Amino acid sequence: MADLLKLLLRVAEKAANVARVCRQEAPLFQLLVQEKTGVDKNKKFVQDFKTLADVVIQEMIRHDVGAQFPEIIDHIQGEESNKFENGRGESVIVTVCGTEKETAALLATVLDGDQMAATLLACAIHQDATLTLTDTGTDDLHIPLSPSDLGIWIDPIDATSQYIEGREEVVVEGCLCPSGLQCALVLIGVYLRATGEPVIGVINQPFNHKDPTGWKGKHFWGVSCGSVKACSVLRPKERPAECPGLSVVLSSSEKQAVKEALAPLCGPDRLMYASGAGYKILCVILGLADIYVLSEGSTFKWDSCGPHALLLALGGGMLDLKECLRFGHCEGGHHDQGELTYHQSHSESPGADRWANQGGLVAYLDCQMLHRVIGELKGTF
């Protein structure tokens, strides 16, 4: 199944190219934005947007993975509906067609006849990502999985609001980026359909850095399957003894009680805030933060599945926060029973909430740090 990982890296890079193409011209980008309504609206945000880039990326990944692994096609799920409304009020089902020309013709109906924009997008969708993706380090990897046992979650563009705003933040090396394009990620997670355990994760950061020719991306991957643990990044080094404080990353909208409980543990400079659930988990993976805490059920399976696999590959994990606080799963080390899973919905909930991580979450690499954070949070909410 190393071939599946390689394919996911390629389609994630294609997805990143689509995301960059859609940001090249502001008039084009304005055409691509639609507001989510009804049961598909994430209640955390005043406005939550769906973009054509989101839909195109999701359907492109579904198309490419299904073509090579037909056993998985009916078990590929994503954040977005592929139903899109154009400027004339016509409803269009967005799919990837057999040829670039056919895809361009379909996209032109969404883009109110804008052939140039449609052609540009279709070219990005149908391009061969092997031309742009350098050595991935996966050639010697053996993953003992069968395609018929797997499901896939896709978040086409996590932190969509940051992608739409398009702010270009200056990033200090070794520090997280609180907001801006760098927080927008393509997230793909593979899980076992029988247990919901995440086993392969791919993260692509389309807007990692900028050079004179434009934005350049970066990809990350991880595998956690039985005894097979592999990741494209090294586990962050242990912090020196003279730096005992923890660093925790939160959403700026996190409950005040959580902020106040963690402030003494972190000190004034190490309680940090950033946009995008996927990006905050990536900060833990890269060692830019020790722990990510979210007390509300405002993330979803597509947000967490891919990054979760990387955490597991590095010896960490992602737990249901409310279960941790109620039962103390973190005590005494790593416990599988509190890990988030990805195969079962909350059937009683409407729309997207069926797939919410309803108990909140805590992402970590070090069990001792996790234990300290949970200890501070017990009884606060």
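**Figure 1. Ala356 and the residues around it.** Leaving out residues up to four places away in sequence, Ala356 touches Gly297, Thr299, Phe300, Lys301 and His346. Here a contact means heavy atoms within 4.5 Å. This is a predicted model, in which local features need pLDDT of at least 70 and side-chain atom pairs count only at pLDDT 80 or more, while totals for chains, interfaces and linings use all residues. Residues are numbered from 1 along each chain as its sequence is written, and side-chain values use heavy atoms, with hydrogens and water left out. Ala356 sits in the loop between α10 (321-327) and β15 (361-364). The helices (H or I, at least four residues) and strands (E, at least two) are DSSP runs, numbered from the N terminus. Is Ala356 buried or exposed? Ala356 counts as buried because its relative accessibility is 2%; buried means under 20% relative accessible area, exposed over 50%, and partly exposed in between (1.4 Å probe, protein chains only). Ser345 is 11 residues from Ala356 along the chain, and their C-alpha atoms are separated by 8.1 Å.

**Figure 2. Thr299, a contact of Ala356.** Look for Thr299 in the loop between β13 and α9 (301-313). Thr299 has a relative accessible area of 4%, so it is buried. Which residues does Thr299 contact, leaving aside its neighbours within four places in sequence? They are Ala277, Tyr292, Leu294, Trp355, Ala356, Asn357 and Leu361.

**Figure 3. Strand β15 and its two partners.** Both faces of β15 are covered, with Leu361 and Ala363 buried on one side and Val362 and Tyr364 buried on the other. In a regular strand, side chains alternate between the two faces of the sheet. Strand β13 (residues 291-294) runs antiparallel to β15, and four bridges join them; two strands pair if DSSP finds at least two bridges between them. In this pairing, Leu294 stands opposite Leu361. Strand β14 (residues 317-319) is also antiparallel to β15, joined to it by three bridges. There, Leu319 stands opposite Val362.

**Figure 4. Helix α8, a mostly covered helix.** How many of the nine residues of α8 (residues 277-285) are buried? The count is nine of nine. Among them are Ala277, Tyr279, Lys280 and Cys283. Just after α8 comes Gly287, with a positive phi of about 80°.

**Figure 5. Helix α5 and its buried face.** Helix α5 (residues 115-126) has 12 residues, and at 1.5 Å a residue it should span 16 Å; its end C-alpha atoms are 16 Å apart, which agrees. The expected span is 1.5 Å times one less than the number of residues. Which residues of α5 are buried? They are Ala117, Ala118, Leu121, Ala122, Ala124 and Ile125. Seen down the axis of α5, these buried residues fall within an arc of 160°, so they line one face of the helix. The arc is that of the directions from the helix axis to the C-beta atoms. An α-helix has 3.6 residues a turn, so residues three or four places apart point the same way.

**Figure 6. Strand β7 between its partners β6 and β8.** In β7 (residues 185-192), eight of the eight residues are buried. Leu185, Leu187, Gly189 and Tyr191 point one way from the strand, while Val186, Ile188, Val190 and Leu192 point the other way. Seven bridges pair β6 with β7 in the antiparallel sense, and Ile152 has Val190 of β7 as its bridge partner. Strand β8 (residues 198-211) pairs with β7 over six bridges, again in the antiparallel sense. Here Val190 stands opposite Ile200 of β8. β7 and β8 form a hairpin with five residues between them, and Gly196 in the turn has a positive phi of about 80°.

**Figure 7. Ala159, with a positive phi.** Ala159 lies in the loop between β6 (150-158) and α6 (160-165). Its phi is about 65°, although Ala159 is not a glycine. Most residues other than glycine have a negative phi. Ala159 counts as buried because its relative accessibility is 12%.

**Figure 8. The whole protein, for orientation.** The views above come from a protein with 11 helices and 15 strands. Buried residues make up 56% of its 381 residues.
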